[in-house]
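Trainee: I would like to go through this model piece by piece. Please show it first.

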Amino acid sequence: MYGVTRVMGIDGGYRGFYSKNTIPLTPKVVNDIHKRGGTILGSSRGGHVTKKIVDSIQDRGINQVYIIGGDGTQKGASVLFEEITRRGLNVAVVGIPKTIDNDIPVIDKSFGFDSAVEEAQRAINAAHVEATSFENGIGVVKLMGRNSGFIAMYASLASRDVDCCLIPESDYYLEGRGGVFEYIEQRLKENGHMVIVVAEGAGQDDEQVDVGLWISKKIKEHFSKEKKMMINLKYIDPTYMIRAIASNASDNVYCTLLAQSAVHGAMAGYTGFTVGPVNNTHAYIPFDRITEKQNKVDITDMMWAQLLSSTNQPSFLSTTRSADIIEANKDEEPPTQLSDEETNPC
Ligand code: F6P
């Protein structure tokens, strides 16, 4: 439509700018790629040397750069935009939000998120089938999300088989009153089985351990050693299977709209923006709004409240707090008359 004759793909993320080879992106080459998982361009982490990348853009005579990726990739795009502006180059820089983690702020969702949530259902379903087939069956499923629990939260809400969902944004503890172990015991007594979904970064500070393996081990130890209660725990780790699938129909439509909006934006002369829907309207969002924070599950928001009411799990934090408050107030005499503030609210 715009009469563009040459579109090239950079192979292997930001590092790919330093290599000579590029991938020609003709209509024939890209014809079927939406039906496949992964990326024909290759991917990598890090390797962002701003000066070298902008030199490469200049040397190759590129005048529009479309950068596809998650939170870190968008930050990289923003730095390139600053350097391009500093050099006064006539090059548009556009970010396209693609990550299963949905951790890019401002926009309604990122490309890939819907497909990941859909695929996560299969793992949760398997965990549920296994858990219901054994006495005191527990299915533990680990889902991706190092810093944000969107996949875990949405997959749990969609499946409705999940009894406990643990995400990085909401602290939890295992032992003692109001803890995860107490809740597991209660669910097993009530229901005979349960499913736990744990997001990769849940309960992790700096130390990176495999949280799924860790929590499974802790649960087994607790019930065999401390409670002398027989449980059957099955641990499922479908992480890369969820990321590696081809996108679903809703993501394919979304991606088409992202691509078209991105090109129209650059062709209209805009630069330094990430494209994406905001309250269902496709918008051009300046990089500094995208990079100022990471999108995280807001645990004071309606969605997390709905998750808690769907799983029936306690909000592990508030249970302790309210228990402590009840404990602390136990011996206090109840007030017999209204205070001045209560009778004269201002
Ligand atoms: O960036 C998306 C993501 O799904 C993160 O949640 C996760 O930590 C990461 O990918 C894992 O990917 P890799 O093992 O390739 O670094």
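Trainee: Is Gly-12 buried or exposed?
Mentor: This is a predicted model, in which local features need pLDDT of at least 70, side-chain atom pairs count only at pLDDT 80 or more, and totals for chains, interfaces and linings use all residues. Residues are numbered from 1 along each chain as its sequence is written, and side-chain values use heavy atoms, with hydrogens and water left out. Buried means under 20% relative accessible area, exposed over 50%, and partly exposed in between, with a 1.4 Å probe and protein chains only. At 15% relative accessibility, Gly-12 therefore counts as buried.

Trainee: Where does Gly-12 lie?
Mentor: Helices (H or I, at least four residues) and strands (E, at least two) are DSSP runs, numbered from the N terminus. Gly-12 lies in the loop between strand S1 (8–10) and strand S2 (22–24).

Trainee: What separates the C-alpha atoms of Gly-12 and Ser-43?
Mentor: Contact means heavy atoms within 4.5 Å. Leaving aside neighbours within four places in sequence, Gly-12 is in contact with Leu-41, Gly-42, Ser-43 and Ser-44. Gly-12 and Ser-43 are 31 residues apart along the chain, and their C-alpha atoms are separated by 4.4 Å.

Trainee: Which residues touch the most other members of the largest nonpolar core?
Mentor: A nonpolar core is a set of buried Ala, Val, Leu, Ile, Met, Phe, Trp, Tyr and Cys residues joined through side-chain atoms within 4.5 Å. The largest such core has 28 residues, and the ones that touch the most other members are Leu-143 and Trp-304.

Trainee: Which element supplies the largest share of this core?
Mentor: At least two residues each come from helix H4 (113–133), strand S5 (137–143), helix H5 (150–159), strand S7 (193–199) and helix H11 (302–311). The largest share is seven residues, and its source is H4.

Trainee: How many residues are in the second, separate core?
Mentor: Val-140, Leu-174, Val-211 and Ile-231 are among the members of that second core. Its size is 23 residues.

Trainee: Is Ser-156 buried or exposed?
Mentor: Ser-156 is found in helix H5. Beyond neighbours within four places in sequence, Ser-156 is in contact with Ile-124, Val-162, Cys-165, Val-197 and Leu-307. Its relative accessibility is 1%, so Ser-156 counts as buried.

Trainee: How are H5 and H11 oriented to each other?
Mentor: Axes are lines fitted to C-alpha atoms, for helices over the stretch in contact, and angles run from 0 to 180 degrees between N-to-C directions. The axes of H5 and H11 come within 10 Å and cross at roughly 50 degrees. Angles under 35 degrees count as roughly parallel, over 145 as roughly antiparallel, 65 to 115 as roughly perpendicular and the rest as oblique. H5 and H11 are therefore oblique.

Trainee: How many charged residues are in the contact of H5 with H11?
Mentor: Met-153, Tyr-154, Ser-156 and Leu-157 in H5 meet Met-303, Trp-304, Gln-306, Leu-307 and Ser-310 in H11. Ala, Val, Leu, Ile, Met, Phe, Trp, Tyr, Cys and Pro count as nonpolar, Asp, Glu, Lys and Arg as charged, and the others, Gly among them, as polar. The contact of H5 with H11 has six nonpolar and three polar residues, and the number of charged ones is none.

Trainee: Which hand does the crossing of H6 and H7 have?
Mentor: Helix H6 (residues 180–191) and helix H7 (residues 211–226) pack at an angle of about 65 degrees, with axes 11 Å apart. That makes H6 roughly perpendicular to H7. A crossing is left-handed if the near helix is turned anticlockwise from the far one by less than a right angle, and right-handed if clockwise. The crossing of H6 and H7 is right-handed.

Trainee: How many charged residues are in the contact of H6 with H7?
Mentor: The contact is made by Phe-181, Ile-184 and Glu-185 of H6 and Lys-218, Ile-219, His-222 and Phe-223 of H7. By class, four are nonpolar and one is polar, and the number of charged residues is two.

Trainee: Is Lys-228 buried or exposed?
Mentor: Lys-228 lies in the loop between H7 and strand S8 (232–236). Phi of Lys-228 is near 50 degrees, a positive value in a residue other than glycine. At 68% relative accessibility, Lys-228 counts as exposed.
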